[in-house]
Amino acid sequence: MMLYGHEYWMKMAIDEAFRNVQQAEGGPFGAIVVKDGKVIGKGRNLVTTLNDPTAHAEVQAIREACNHLQSFQLTGCVIYTSCEPCPMCLGAIYWSRPDAVYYASTKKDAANIGFDDHFIYEEIEKPMDQRSIPMRLLQPADYLLPFQAWSSAERKIEY
Ligand SMILES: Nc1nc2[nH]cnc2c(=O)[nH]1
């Protein structure tokens, strides 16, 4: 079996990003998920096509890969993304637990063309009441009921 190197897969992710721009389907971002020398997930940024702010290239690729594996984990997989992941995708990456992530463009490159996610990193650092989108504590009676139910549930899949 022919095994391709990291650069081969990265070029595929970059090509996905490039074709997304050419076909005017969304932002200039592409990602692929590789397992055992095969592509099991491919994603391009489809935010404006799908009217889905979560449809970043990495999220799309992770969804396809997890669907392919019928698993919520990407153990044994490597993600190649044309650009350094944003904080949302970083979250999705940590939840899906791939073995490694390779990225090409940096967040500085992305900021230079108008995709600046630095403000989100800054927001995370701020206390809740100083964030630009108000996030307020609101705890009606029994607000912990779902957590208590989970703790004592016999039928559950932990992750
Ligand atoms: N890495 C990455 N950064 C983005 N910034 C805005 N959209 C995207 C995306 O799909 N991928």
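In these exercises a residue is called buried when its relative accessible area is under 20%, exposed when this is over 50%, and partly exposed in between (1.4 Å probe, protein chains only). The structure is a predicted model, in which local features need pLDDT of at least 70 and side-chain atom pairs count only at pLDDT 80 or more, while totals for chains, interfaces and linings use all residues. Residues are numbered from 1 along each chain as its sequence is written, and side-chain values use heavy atoms, with hydrogens and water left out.

**Exercise 1.** Determine which residues of helix α1 are buried and which are exposed, and how the buried ones are arranged.

*Solution.* Start with the extent of the helix: α1, a DSSP run of H or I with at least four residues, covers residues 6–22. Next, sort its residues: Trp9, Met10, Ala13, Glu16, Ala17 and Asn20 are buried. Seen down the axis of α1, these buried residues fall within an arc of 110 degrees, taken from the directions from the helix axis to the C-beta atoms, so they line one face of the helix. On the other side of α1, Glu7, Lys11 and Gln22 are exposed.

Key: Helices (H or I, at least four residues) and strands (E, at least two) are DSSP runs, numbered from the N terminus. The expected span of a helix is 1.5 Å times one less than its number of residues.
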